[in-house]
Amino acid sequence: MSGWIAYQADKVGKMLGKKRLSFFGLRPRHTAALGTVLVGVSTSIFTIAAVMMVSSGVREWVLKGPQVAKKLDEALSRLDDLRKEANSTAVSNKSLTAKNANITHTLTLRQHDLANAQRNLALLQTQINALQPKIHSLTADVKNGRSKIQQLKSSELNLLAAKRQVEINLQKVRQDETRAKANLAVVAKDNSGIASKNLQLTQRNDELADTLKSLKTEQTRLTAEIARIEKDTNALESARDATQLELTASQAKLHDAQGLLTSAQAELANTEQLLKNSKLFGTTWQAISNVSRRQPMIYRIGEEVARIPVRAKLTNAGAVSELTTLLRRSRVEAQKRGAHSTADFPDAGIFNHTSQAGQTVTTSDIEKQVISELTGSSVPMVLIASSSLNAFKGEPVSLEISVIPNPVVYANGQLIVEGLIDANKGDAVISEQFSKFLQEVVKERALKDGMIPIANSDTSLGEVTLPQALQIIEQLKRADRKVRIQAIANGNTRAADTLKLEFRLR
């Protein structure tokens, strides 16, 4: 091609030399040389432009050559980072193995504590069962003692009544004796009869005195018996109270043992879950480590996988439906890049992870949080699923869900930003200036106005089609002067929408 261009340029130069033309006061020889140079330059430019229009590869190389070189440097740097990450992953695997061993040891200790707690519970239950008959017996003795006390108290009342009656009779006898003695002088003639009557009265008095003495003795005995029974009753009541206290203490110990057993069972369940999560986490990291050493990366950490806009004032069911749609779209996008499901994980999904505080955050917790933020929201939102880890071909993609407000940023026809392009500098300079205007000026303004970019993507806000770019460059070339170019919004644009542009030249 270069030989043909040289041949044509030489042919034109010879033709100009033969005609001995002169431009701008130049000598014919210099005019011929200038014509040869201009023909070669224009032919080269035309050839490059034709090849760019025909071949997309050449066009990409000419327009994006520096970007490709920059991406190559980034890829090499990323390769070094991946090697370092693989080494750190191997160290993490060793630490996880040690952690699994510690958790297994802790689980063994918790099982031993659980067995001890169960044995203590059985012993306390046996003691309670042994104390129950004794409590029933003591309660029956207390009831019998109280009944006997009531009987004795009734007998004591009867004795007191009999004692009072005897004292009344004794008082009458003494009155009769006094009257008899007073009448002794009067009835001296009937001395023998009175003496006999006096003897009878004296005997009756002695009998009554003996009866009173026996009654007092019986009263003393009954009082002592009552005191003894009351003492026995008090002792039985004290024994019953002590037994009741012992029963209460045993029940408290039983309750504490049951609480300890429940706590131990909960701790055992948590430990088993932690062990299961650790084993699953270790297995997953081992699989990721193996894949990261053999397969290419399909998503960088933080790179966006999928996004969907969400309307305002959703119900709970509507929020669940939108989240399901996002997860389904994420799985489709991940599959396109080479993600693959496992027995435990889908191609892409929300997985359990450990927070910075060391607590396990489950998939259900994350989904409930997202649904809560969407339900009843007064403004439109956007759901964005991003890769929470570096994902490699052949493994599932772990997703992180972001819920962000999605207001209208630009109205249809609104001026976004304008810039200045020098259109008399040649095609390459014009293309470079236009590309810089898009990638720096327009992007910076859109981000400042609140547009949400696609994380870790070359087309972070949108892209201008090649025909549209060529048309703008052609208009700039025809202007052949410094031109003020304006970027206009083509349609109402929300923060999460793709930015569609129109351009005006001033």
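In the protein chain, residues 24 or more positions apart account for 74% of the contacts with a separation of 6 or more, where contact means heavy atoms within 4.5 Å. Before I go on, please keep in mind that this is a predicted model, in which local features need pLDDT of at least 70 and side-chain atom pairs count only at pLDDT 80 or more, whereas totals for chains, interfaces and linings use all residues. Residues are numbered from 1 along each chain as its sequence is written, and side-chain values use heavy atoms, with hydrogens and water left out.

The protein chain holds 8 helices and 13 strands, these being DSSP runs numbered from the N terminus, with H or I of at least four residues for helices and E of at least two for strands. Of the 506 residues in the chain, 29% are buried; buried means under 20% relative accessible area, exposed means over 50%, and partly exposed is in between, with a 1.4 Å probe and protein chains only.

Let me turn to helix packing. Two packed helices are described by the angle between their axes and the distance between the axes. The axes here are lines fitted to C-alpha atoms, for helices over the stretch in contact, and the angles run from 0 to 180 degrees between N-to-C directions.

How do H5 and H6 cross? Helix H5, residues 316-337, and helix H6, residues 363-374, have axes that come within 9 Å and cross at roughly 125°, and H5 and H6 are therefore oblique to each other; under 35 degrees counts as roughly parallel, over 145 as roughly antiparallel, 65 to 115 as roughly perpendicular, and the rest as oblique. H5 passes H6 in a right-handed crossing, a term used if the near helix is turned clockwise from the far one by less than a right angle, with anticlockwise giving left-handed. On the H5 side the residues are Asn316, Ala319, Val320, Leu323 and Leu327, and these meet Glu367, Val370, Ile371 and Leu374 in H6. By class, that contact of H5 with H6 divides into 7 nonpolar, 1 polar and 1 charged, where Ala, Val, Leu, Ile, Met, Phe, Trp, Tyr, Cys and Pro count as nonpolar, Asp, Glu, Lys and Arg as charged, and the others, Gly among them, as polar.

The other pair I want to show is H7, residues 427-449, with H8, residues 466-479, which pack at an angle of about 125° with their axes 10 Å apart. That angle makes H7 oblique to H8, and H7 passes H8 in a right-handed crossing. The contact is made by Asp427, Ile430, Ser431 and Phe434 of H7, together with Ala469, Ile472, Ile473, Leu476 and Lys477 of H8, and by class it has 6 nonpolar, 1 polar and 2 charged residues.

Next, the aromatic side chains. A search of the whole structure finds 2 aromatic pairs, where rings of Phe, Tyr and Trp (its six-membered ring) pair if their centres lie within 6.5 Å, and planes under 30 degrees apart count as stacked, over 60 as edge-to-face and the rest as tilted. Phe345 and Phe351 form a tilted pair, at 4.4 Å centre to centre and 50° between the planes; Phe345 is buried at 18% relative accessible area, and Phe351 is buried at 13%. Phe434 and Phe503 form an edge-to-face pair, at 5.4 Å centre to centre and 70° between the planes. Because Phe434 lies in helix H7 and Phe503 in strand S13, residues 501-505, this pair ties together parts that are 69 residues apart in sequence. Phe434 is buried, with a relative accessible area of 3%, and Phe503 counts as buried at 12%.

Now some single residues. What does Ile384 touch, leaving aside its neighbours within four places in sequence? Ile384 sits in strand S6, residues 381-387, is buried at 5% relative accessibility, and is in contact with residues including Glu304, Leu326, Ile401 and Ile452. The C-alpha atoms of Ile384 and Ile308, 76 residues apart along the chain, are separated by 6.8 Å.

Asp449, in helix H7, counts as partly exposed at 28% relative accessibility, and it touches Val409 and Tyr410, not counting residues up to four places away in sequence.

Finally, Lys313 has a positive phi of about 55° although it is not a glycine. Lys313 lies in the loop between strand S2 (304-310) and H5, and is exposed, with a relative accessible area of 66%.
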